[in-house]
Each structure stands twice: as structure tokens, then as C-alpha cells.
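Please look over the sequence and the model first, and then read on.

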Amino acid sequence: MLLSTRLRVKELLRERRWTTKVLAEKTGMSESYLTHIKNGTRRWNEDALKKLAAAFELLPTDLFDYKKDRTNEVNADIQLPSSAEKIDLAIQVVPVVGQIPAQPSAYNNQITQHATGYNNQFVPVLGTNDDAMFCLHVKDNMLAPRFAKGDFLVISPGQWTNSGDLVAVEYGDESPVREIAQVNYMEEFVVFESVNHKKAPIALVRGKDSFRIIGKVIYRYQAL
């Protein structure tokens, strides 16, 4: 399908029975600006798109209108509704995998995709350019309550990580473990906490213990 640059704000407000005031409180944007976006009378930017997606708990790409024409091409030069200017949406298609790849790359991710039974399954990601990105399918409730069975986590190896981030990590020498955890950086240690907080944190000594940050969790597709 072809993307339109008109956002589905009016329809989403109606579905959730929200007022523009409620949306303003959830996004931190002004009611007048949101009214313009809702009516298509003012341009939106990437920051506004991200805030709206977070408020509606949707992916940014799910905010756009879709036309009925089918195509295998995605046109990145899309005309804005109220201006002759153009923007680059940078939509990337990311492969779904059933386990965290040891060495993420465009090629290795598709090998892992095939090996874990997710052939030809992909998700769109907006505004991030990282050829090594992959999308991990959460197959059980081990990450609850943060994530649910059936969720999809988009992980970017190219993103810089900070304390408090959720990451895909590998640690251990003889039998390395690869999992999703919260990372905390300290002067001499790196601490990995389980997402469900049911396991004791793992503290690893910098320069001594074996560990590797594989990538940062940047998006979540929720199970319906």
C-alpha cells in the first residue's frame, strides 16, 4: 500500500473517545497545534510523530493513512499536505527472528530468520537507518509484565546505549547466554537486570568478564 502524509489523528481520537485536550496532556503538545495536525492544515515533524505514536501506543507508521493502490516500492519523497516541501521518512523493512542473532547483519539476520521459522516475515521501522536491525518475536511470558507473549521487539545494534536501556546482550564463556535485559553501567562493572526482575542482577567486571551488548531495544510491536 502507499503511505499518505495525512495522519489518522481524527479517527484515532474518535476510536478512543478522547478530546484534543486529552491528547495534548498525553503528548505535551498544544491543543491548537494538534488541531492543525488533526485537520491537515499544518505540517508535522518527526518529534510530533513520535509523541503521537507513544500516546496512541502505535508504531509511527500506523499513524499514516493508506491508499488502496498496491506497490512493492516505498516512495520516500512524500509531499506534505499543506506545503510543497518534502521529507524523507526513511522506512526500513526489518526481518523477524525467533532468537537473538550472535552477529547481527543484514545477511546473518535473514539466516537466523530462516533457521527459526520466520521466513518472509518483516516489520516496518521509521526514522532509523541500521542495516543490522532485527525484530525479535517474544514467544513466551518470560519478559512479563514489561512485554507479553506475541510481542515483537525491534533491536538496533547501531544505537548507543545508556544505563537503564533495554538491550540484547550476550555473556558467559563456555555456554554464552543471549537475552533481553536492562543494562546499568558503573565505573568498574556492568550490571544486567532481568526484565521481569525475578532473577538476581548479574554484575560483570569490565575488562575481565566476557559480555557483549548486541543491540538496543528501540521499538515494540504489541501483540493484539
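## A buried asparagine

Asn196 is buried, because its relative accessible area is 16%, where buried means under 20% relative accessible area, exposed over 50% and partly exposed in between, with a 1.4 Å probe and protein chains only. Asn196 sits in the loop that lies between strand 11 and strand 12; strands here are DSSP runs of E with at least two residues, helices are runs of H or I with at least four, and both are numbered from the N terminus.

The side chain of Asn196 reaches the backbone oxygen of Met142 at 2.7 Å, and it also makes a polar contact with the side chain of Ser194, at 3.2 Å. A polar contact is a pair of N or O atoms within 3.5 Å; within protein, one must be able to donate a hydrogen and the other to accept it, and residues adjacent in sequence count only if both atoms are side-chain atoms. When neighbours within four places in sequence are left aside, Asn196 is in contact with Met142 and Ala144, contact meaning heavy atoms within 4.5 Å.

## Basis of the model

The model is predicted, with local features requiring pLDDT of at least 70 and side-chain atom pairs counting only at pLDDT 80 or more, while totals for chains, interfaces and linings use all residues. Residues are numbered from 1 along each chain as its sequence is written, and side-chain values use heavy atoms, with hydrogens and water left out.

Nine strands form an open sheet of mixed pairing, in the order 6-5-7-8-13-9-10-11-12, where two strands pair if DSSP finds at least two bridges between them. Strand 6 (122–126) and strand 12 (202–205) are the edge strands, each pairing on one side only. From one strand to the next the twist averages 40 degrees, with axes fitted as lines to C-alpha atoms, for helices over the stretch in contact, and angles running from 0 to 180 degrees between N-to-C directions.

Helix 5 (residues 106–115) packs on the sheet, where it touches strand 5 (91–97), strand 6 and strand 7 (134–137), and its direction makes about 40 degrees with that of strand 5.

## Strand pairings

Strand 5 is largely enclosed by the rest of the structure, because five of its seven residues are buried. Strand 5 pairs with strand 6 in the antiparallel sense over five bridges, and Val93 stands opposite Pro124 in strand 6. With strand 7, strand 5 pairs in the parallel sense over two bridges, and here Val97 stands opposite Leu136.

Strand 10 (residues 177–185) and strand 11 (residues 189–194) run antiparallel and are joined by five bridges; Gln182 has Glu193 in strand 11 as its bridge partner.
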